[in-house]
Amino acid sequence: MQLFRRRGYLGASLRDIEEATGLHPGSLYRTFQSKDGLFHAALEAYNEQVVQDRVRVHLLESADPLVGIRSFFTSAIETGAEPDPGCLLTNTAVESFTLPKTAAGVHHGLAVIEGGFADALTRARRSGDTPPDLDVKTTATHLLALYQGLLVFVRAGLPRTTLHNVTDGAMASIGSLRNPRKQDRP
């Protein structure tokens with residue numbers, strides 16, 4: 001999974017895959033049938049282990065849904081990885097025109113994130129923290145687009161101030177009736 005995150009599908013050679021997994025070509029092909037099969041397994045694992053976990057922690061289980069939305073954005077900025085390989089889902093979406101079979105995995109991961117945003121926004125609206133007429137579906141889609149753009153910026157190595165400005169804009173776009181506490185910036 002990490003190899004594909006760093007190099008993408010096209011940039012990962014069979015030799016790279018062998019070194020990353022410790023498996024020989026015969027074992028790889030017996031288990032996954034092809035490089036495509038291995039990539040699809042990696043994308044599925046990423047959706048299950050990374051995407052769903054991040055959505056659960058930040059968007060579904062956050063006591064304060066607006067703080068959870070902000071932390072979902074900022075957690076993508078403050079990964080500690082230098083250079084940050086970015087998100088496998090986002091990187092694959094950008095590269096997917098060359099990988100038409102990956103569309104279902106990408107769409108699934110994006111739907112999980114969008115659903116998490118919708119859940120958090122619904123809870124925020126219910127508690128009176130957003131305008132009562134907030135269009136949850138449209139706003140969740142908007143946040144998903146901003147988040148994916150943020151991840152492209154992370155991958156491109158843009159300055160943290162720019163990344164935090166994107167986060168601030170995302171939060172402002174919700175039309176919050178209160179300003180959730182901003183996390184300290186490095």
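This is a predicted model: local features need pLDDT of at least 70, side-chain atom pairs count only at pLDDT 80 or more; totals for chains, interfaces and linings use all residues.
## About the model

Local features here need pLDDT of at least 70, and side-chain atom pairs count only at pLDDT 80 or more, while totals for chains, interfaces and linings use all residues. Residues are numbered from 1 along each chain as its sequence is written, and side-chain values use heavy atoms, with hydrogens and water left out.

## Overall fold

The chain holds nine helices and zero strands; helices (H or I, at least four residues) and strands (E, at least two) are DSSP runs, numbered from the N terminus. Of the 186 residues, 42% are buried, that is, under 20% relative accessible area with a 1.4 Å probe and protein chains only.

Contact means heavy atoms within 4.5 Å. Among contacts in the chain with a separation of 6 or more, 69% join residues 24 or more positions apart.

## Helices H8 and H9

Let's turn to one helix pair. Helix H8 (residues 136–156) and helix H9 (residues 160–173) have axes that come within 10 Å and cross at roughly 180°. The axes are lines fitted to C-alpha atoms over the stretch in contact, with angles from 0 to 180 degrees between N-to-C directions. That crossing makes H8 roughly antiparallel to H9 (an angle over 145 degrees).

On the H8 side, the contact is made by His 142, Leu 143, Leu 146, Leu 150, Phe 153 and Val 154, and H9 brings Thr 162, Leu 163, Val 166, Thr 167, Ala 170 and Ser 173. By class, this contact has eight nonpolar, four polar and no charged residues. Ala, Val, Leu, Ile, Met, Phe, Trp, Tyr, Cys and Pro count as nonpolar, Asp, Glu, Lys and Arg as charged, and the others, Gly among them, as polar.

## Ile 77

Ile 77 sits in helix H5 (residues 65–77) and is buried, with a relative accessible area of 3%. Leaving aside neighbours within four places in sequence, Ile 77 is in contact with Leu 150, Arg 160, Leu 163, His 164 and Thr 167. The C-alpha atoms of Ile 77 and Arg 155 are 9.9 Å apart, although 78 residues separate them along the chain.

## The largest cavity

A cavity is a set of points on a 1 Å grid over the protein atoms alone where a 1.4 Å probe fits but cannot get out; lining residues have an atom within 4 Å of a point. The whole structure has two cavities of 30 Å³ or more, and about 60 Å³ of space lies in the largest cavity. Volume here is the space filled by probe spheres set on the points, which are joined across faces, edges and corners.

Lining the largest cavity are Leu 14, Ile 17, Leu 28, Tyr 29, Phe 32, Ser 34, Lys 35 and Leu 38. H3 gives the most to this lining, with three residues.

Technical notes: Angles under 35 degrees count as roughly parallel, over 145 as roughly antiparallel, 65 to 115 as roughly perpendicular and the rest as oblique. On a 1 Å grid over the protein atoms alone, a cavity is a set of points where a 1.4 Å probe fits but cannot get out, and a pocket is an open set with protein on both sides within 12 Å along at least five of seven lines; lining residues have an atom within 4 Å of a point. Buried means under 20% relative accessible area, exposed over 50%, partly exposed in between (1.4 Å probe, protein chains only).
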